[in-house]
Amino acid sequence: MLSAASGPDELAAMVARRVSGLPLEHVLGWAEFSGLRIAVEPGVFVPRRRTEFLVAEALAQAPDASVVVDLCCGSGAVGAALAAVLTGVELHAADIDPVAVECARRNVAAYDGHAHQGDLFDALPSGLRGRVGILAANVPYVPTGEVGLLPAEAREHEPLVALDGGGDGLDVLRRVAARASEWLAPGGCLLVETSERQARSAVTAFESGGLITRLAVSEELYANVVIGVRG
Ligand SMILES: C[S@@+](CC[C@H](N)C(=O)[O-])C[C@H]1O[C@@H](n2cnc3c(N)ncnc32)[C@H](O)[C@@H]1O
């Protein structure tokens, strides 16, 4: 805040907003993610550093991908981070929440990316079917009964639709896994973040969707990423 504020008055206002509980990233208007400065507007999920692991796994799995979809994109941080490395890639970001879509539109513009609004795959142009090299989907995965246990920054300042993944937290993940192979190119991959506890059920959902599946774990970032490849 010291380096972002233009003077003492703005700094005092920023401190007051932070003290009132607003996440630091919403106070500043940006979050650091994979070495990028991602614009984050109030009401939009703040990209977590943990999710940089999903980005790294996607790049390792599909270093030559030419079409990237960031489904459940929020700010579009994941798509932007992938496009920053995969120069010239065709990038699409999609979310059900119009506030997130507007924010993502800003963040993917630097990569000539497109932002779409709608429920999961319904948001995507049909011409993407069978062409997606990387389908990154950081879906909401907090079980409904545990949303109330989240830190106040999340509970009070991030939309419920960005957090609540249903009874066991895997409702959205299962819907994505069931339809991903329709959209993936041969050899294309789907990547989803889960908690450690959910990982096994998530792997089963991917396998039911016909994907060749493995789990990647980062102890350092406390991150679990399920990776499914269309054979
Ligand atoms: C956990 S946030 C992740 C945001 C972003 N991918 C990131 O990592 O920072 C989940 C996002 O999924 C979106 N979402 C939830 N249900 C959705 C649905 N049925 N279709 C599309 N997006 C959805 C939410 O609006 C939210 O932006």
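In this predicted model, helices H3 and H4 cross in a right-handed manner.

**Helix pair H3 and H4**

- Helix H3 spans residues 52-61 and helix H4 spans residues 77-85; the two pack with their axes 10 Å apart, at an angle of about 40 degrees.
- H3 is therefore classed as oblique to H4, since angles under 35 degrees would count as roughly parallel.

**Helix pair H7 and H8**

- Helix H7 comprises residues 171-183 and helix H8 residues 199-208; their axes come within 8 Å and cross at roughly 25 degrees.
- Because this angle falls under the 35 degrees cut-off, H7 counts as roughly parallel to H8.

**Ligand shell**

**Polar contacts and cover of the ligand**

- At Cys72, a polar backbone atom is placed 2.8 Å from a nitrogen atom of the ligand.
- At Asp119, an N or O atom of the side chain is found 2.7 Å from a nitrogen atom of the ligand.
- Asn138 contributes a polar side-chain atom, located 2.8 Å from an oxygen atom of the ligand.
- On its own, the ligand has 600 Å² of accessible area, of which the protein covers 96%.

Definitions and conventions. Residues are numbered from 1 along each chain as its sequence is written. This is a predicted model: local features need pLDDT of at least 70, side-chain atom pairs count only at pLDDT 80 or more; totals for chains, interfaces and linings use all residues. Side-chain values use heavy atoms; hydrogens and water are left out. A polar contact is a pair of N or O atoms within 3.5 Å; within protein, one must be able to donate a hydrogen and the other to accept it, and residues adjacent in sequence count only if both atoms are side-chain atoms. Accessible areas come from the Shrake-Rupley method with a 1.4 Å probe; for residues, only the protein chains shown count as cover. Axes are lines fitted to C-alpha atoms, for helices over the stretch in contact, and angles run from 0 to 180 degrees between N-to-C directions. Helices (H or I, at least four residues) and strands (E, at least two) are DSSP runs, numbered from the N terminus. Angles under 35 degrees count as roughly parallel, over 145 as roughly antiparallel, 65 to 115 as roughly perpendicular and the rest as oblique. A crossing is left-handed if the near helix is turned anticlockwise from the far one by less than a right angle, and right-handed if clockwise.
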